[in-house]
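Open the model in your viewer and keep the selection panel at hand. The stops below go from one selection to the next.

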Amino acid sequence: MDIDTVGGNDVVSYLDPELLHLPEVSSFELKPTTQIAEELFSQWLSQPDTSRLVKSLIRDAKAGLPINAHGISSSAGAGGGSNSLTNVSPPPLSPRSSCVSPRTSKQKISPFSLASTRKLATEPAQEAIPQFYFQHGRPPANELKELCLSRINLLFNNNLDGLHIDEFKLVTREVCKLPSFFSSALFRRIDVECYGIVTSPMHVSVRTLVPMSFCFYRDAFLKYWAESSMLTVDMATQVFEILKQPNRRYLTKADFKPVLEELLATHPGLEFLQGTPEFQEKYAETVIYRIFYYINRSGNGRLTLRELKRSNLIFVMQQVDEEEEINKILRYFSYEHFYVIYCKFWELDTDHDYLLDRENLIRYGNHCLTYRIVDRIFSQAPKKFSSNVEGKMSYEDFVYFILAEEDKSSEPSLEYWFKCIDLDGNGVLTSSELQYFYEEQLHRMSCMSQEPVLFEDILCQIVDMISPEREGYITLHDLKRSKLSGNIFNILFNLNKFMAFESRDPFLIHQEREDPTLTEWDRFAHREYVRLSMEEDSEAASNGNVESWEESLEAPF
Ligand SMILES: [Ca+2]
Ligand SMILES: [Ca+2]
């Protein structure tokens, strides 16, 4: 191996992940990334073991011995010699397992530990190169670990009887710096990985197990948090690792349930729901659907780490933890927003079987939608229904619908409606597709004795608003570039919003100017919440029933 001539693109050919001790990295990932490859190589060169290896190679070359990098380096630390060169059978496992490096301790608790051990057993040469690349970041430095340890000891020493759930929250917040409602999810992850005891719901287990075995638990915590890479990775990765099932590389909606349950049990802004578990459940469901609607952009129900990192979810969760008034958290968690979504669904679901059919949905927003667009929703063009009942939409499907309908400026909404209008599914909107939807609007306008706006004029208006990159059709990319795209969809299938837009409704314009940080959805939800709560108040007052009025203040249901 001539180190001097290795440089530039040539480096890549030497970067075999197997030799580099990187079983988890595919060689395809390394090959096109020359810069990373060079960095890795120079890091390797700077390792003390590398320097020893090179020295011993030179020494052997001078002495006229045969050159073998692996054989020499594995014995170089013991003062040189070439006895091991003749040994071609795999060495026993035990020396590796007695090693106390952070890497092996990480492997012990990894669900893939069996596979890793097998691999190590057949690849003795890997001993030669110390690990210098860590897929999840370098294990914590000793100082960081010490700091973590002293914080943990402080918390535990004040609690000689063991930690109760509220005290464990301090560990979650102060040591792990995670939102406090991650306590039970975190505890479960630690316990399951290390001991496999806990199978019952978490908030029960934390209370019953921790006080009996706090030392045992403290060690498990240290092992999971301080001795692994969890201490050094970013918070999105920590959250991802804590919530996901060990054998998966994504989060499902169910994975969020433990944190929502704990939030409901502990957040002061949601305390009032504790008497109505059915609404606690609906609130949790709604929050999870909202999260997936906005951040699981692939729409497959499998939230990846990449999607999580690109989103604002972690930031919003921290806000929720700091803020006692849940309705101030407009993204995902607002109770008022949930209330509006749920009431809208309840109004349409006249038989209350939690399913909507086409005729139910056509009544949405004072019959503002056309039959043609409702048919497209029921043909599941924008999203496959989760109801599993022919011709029926579930509550989850409705949450996606209402967010798309009332927040048309957002990207998930543009994608939702684009799929509806793209009748042939070829990824572009043509004038005939636009016309198909506009025809029904035109018909409705003439029925209402409104002055009809011809399609040709509408088409010109749409093209002016979007200025598509290519003449003759509109792409999703065109829509995402324009701030006015949401209005295109209102023109095509929502008569009330179309007319408000055409008349430049001064009420809407005023609302938009009042607080530009609010989204279209925020304004809608606030307006509707005020309306719904006034309706409820007047209903209670007209009944003259003081008791029911008081109830409505506590729990709006
Ligand atoms: Ca129904
Ligand atoms: Ca098309």
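Select W521, F524 and A525: these are the buried residues of helix α31 (buried means 20 or more other C-beta atoms within 10 Å of the residue's own, exposed 12 or fewer, partly exposed in between, with C-beta atoms placed from the backbone). Helices are DSSP runs of H or I of at least four residues, and strands are runs of E of at least two, numbered from the N terminus. The model is predicted, with local features needing pLDDT of at least 70 and side-chain atom pairs counting only at pLDDT 80 or more, while totals for chains, interfaces and linings use all residues. Residues are numbered from 1 along each chain as its sequence is written, and chains are lettered from A and ligands numbered from 1 in the order in which they are written.

Keep α19 (residues 335-348) and show α16 (residues 277-295): their axes come within 10 Å and cross at roughly 100 degrees. Axes are lines fitted to C-alpha atoms, for helices over the stretch in contact, with angles from 0 to 180 degrees between N-to-C directions. K282, Y283 and T286 in α16 meet Y335, F338, I341 and Y342 in α19.

Next, select 409-444, which an unreviewed UniProt entry annotates as "domain: EF-hand"; this span is 69% helix and 8% strand.

Finish at α21 (residues 364-367), which contains N366. The phi of N366 is near 55 degrees, a positive value in a residue other than glycine.

Note on methods:
Two residues are in contact if their C-beta atoms, placed from the backbone, lie within 7 Å. UniProt positions are given in the numbering used here, feature names are shortened, and annotations may be inferred rather than shown by experiment.
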